[in-house]
Amino acid sequence: MRKFIIVVAKILLTILVLLVVLDCAYTTVYLHSSQRGKVEKVFNSKAGNYDVVILGSSRANNHFVPELFEKNGLKTFNYGMSGAHLFEASLMLKLMAERNYKIKTVILEADLGLCNEKESDAIAAKFLPYIHHSEVIKDHFSGLENFNEWYYIPFYRYVDFDALIGFREMYQTATDKPTNILDHLGYHPLTSNKPGNMKNDIRALKPIRNKYYEEIKQICQQNHYNLITVMTPMCSNVTGLDYFEKANKIYPEIHNLENAVQGDQYFSSCGHMNDAGARIFTEVVIERFFEKKIE
């Protein structure tokens with residue numbers, strides 16, 4: 001019996017050591033990458049300097065064209081992430097502040113995301129490789145149900161999110177396989193060749209006083225970032241557009257630009273403008289909130 005217990009103990013110890021080694025190996029790869037995505041670009045950087053930083057979901061990623069800001073002398077990067085919620089936008093801004101970014105203005109897309117305080121698994125997972133190397137990330141995740149497993153069990157987070165940060169992504173990161181995520185200063189243009197769903201029903205969405213939006217406001221105040229929060233356009237065939245009015249009743253400071261671009265020819269799907277629409281919208285934002293450069 002004693003021999004059996006010793007054998008089992010050795011097996012368990014071997015497995016634990018293997019998990020620790022794998023955890024360290026994967027994490028080391030991610031700690032030395034800044035070219036494949038926006039999370040690692042921020043995490044593995046120091047003291048960025050921007051006139052304009054854009055945060056939000058795909059409705060930021062696809063709607064704000066940094067090139068047009070730059071033409072007006074504003075150094076800009078679009079850190080919007082498709083699928084992200086305000087949970088991730090808040091964490092991204094915390095990381096920028098932690099790394100002493102100098103930012104004059106933060107443009108935050110906060111419209112449909114105001115209705116929940118959940119994390120986006122697909123985007124939140126991108127922060128997990130760094131959970132032992134950042135108190136900001138650790139604290140931000142600490143209230144989530146699986147935090148203890150992700151933090152205390154070696155390699156568990158890489159197994160739990162294998163499709164997102166597992167072997168394939170680690171290997172592609174280690175070999176510097178390029179992506180288009182950082183192209184166009186973070187902006188992802190959508191084409192209008194094959195329009196998607198041009199109908200939408202958002203009546204079920206209910207805006208709330210959102211914890212993570214409140215965090216973003218606090219971060220901006222503490223670090224003297226000028227915060228401009230906007231709601232971005234949707235196509236004409238939407239049921240429940242009073243959502244935007246309800247959001248404004250909770251947060252009057254949010255600029256409702258939902259109808260700033262008219263015409264479904266400017267949309268790739270009901271909730272996302274194509275490149276032509278995004279350029280019109282960006283010009284509207286520049287003219288409204290910034291001193292436009294005289295050509």
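**Exercise 1.** Which backbone oxygen lies 2.8 Å from a polar atom of the side chain of His140? Describe the surroundings of His140.

*Solution.* The model is predicted, and local features need pLDDT of at least 70, side-chain atom pairs count only at pLDDT 80 or more, and totals for chains, interfaces and linings use all residues. Residues are numbered from 1 along each chain as its sequence is written, and side-chain values use heavy atoms, with hydrogens and water left out.

Step 1. The oxygen belongs to the backbone of Phe87.

Step 2. His140 is part of helix 7, residues 135–141 (a helix is a DSSP run of H or I with at least four residues, numbered from the N terminus).

Step 3. With a relative accessible area of 6%, His140 is buried (under 20% relative accessible area, 1.4 Å probe, protein chains only).

Step 4. Apart from neighbours within four places in sequence, His140 is in contact with Phe87, Ser90, Leu91, Lys94, Tyr212 and Glu215 (contact means heavy atoms within 4.5 Å).

**Exercise 2.** Determine how helix 5 and helix 12 pack.

*Solution.* Step 1. Helix 5 (residues 86–98) and helix 12 (residues 211–223) have axes 8 Å apart, at an angle of about 20°; axes are lines fitted to C-alpha atoms over the stretch in contact, and angles run from 0 to 180 degrees between N-to-C directions.

Step 2. Helix 5 is therefore roughly parallel to helix 12, a term for angles under 35 degrees.

Step 3. Residues making the contact include Phe87, Ser90 and Lys94 of helix 5 and Tyr212 and Glu215 of helix 12.

Technical notes: Helices (H or I, at least four residues) and strands (E, at least two) are DSSP runs, numbered from the N terminus. Buried means under 20% relative accessible area, exposed over 50%, partly exposed in between (1.4 Å probe, protein chains only). A polar contact is a pair of N or O atoms within 3.5 Å; within protein, one must be able to donate a hydrogen and the other to accept it, and residues adjacent in sequence count only if both atoms are side-chain atoms. Angles under 35 degrees count as roughly parallel, over 145 as roughly antiparallel, 65 to 115 as roughly perpendicular and the rest as oblique.
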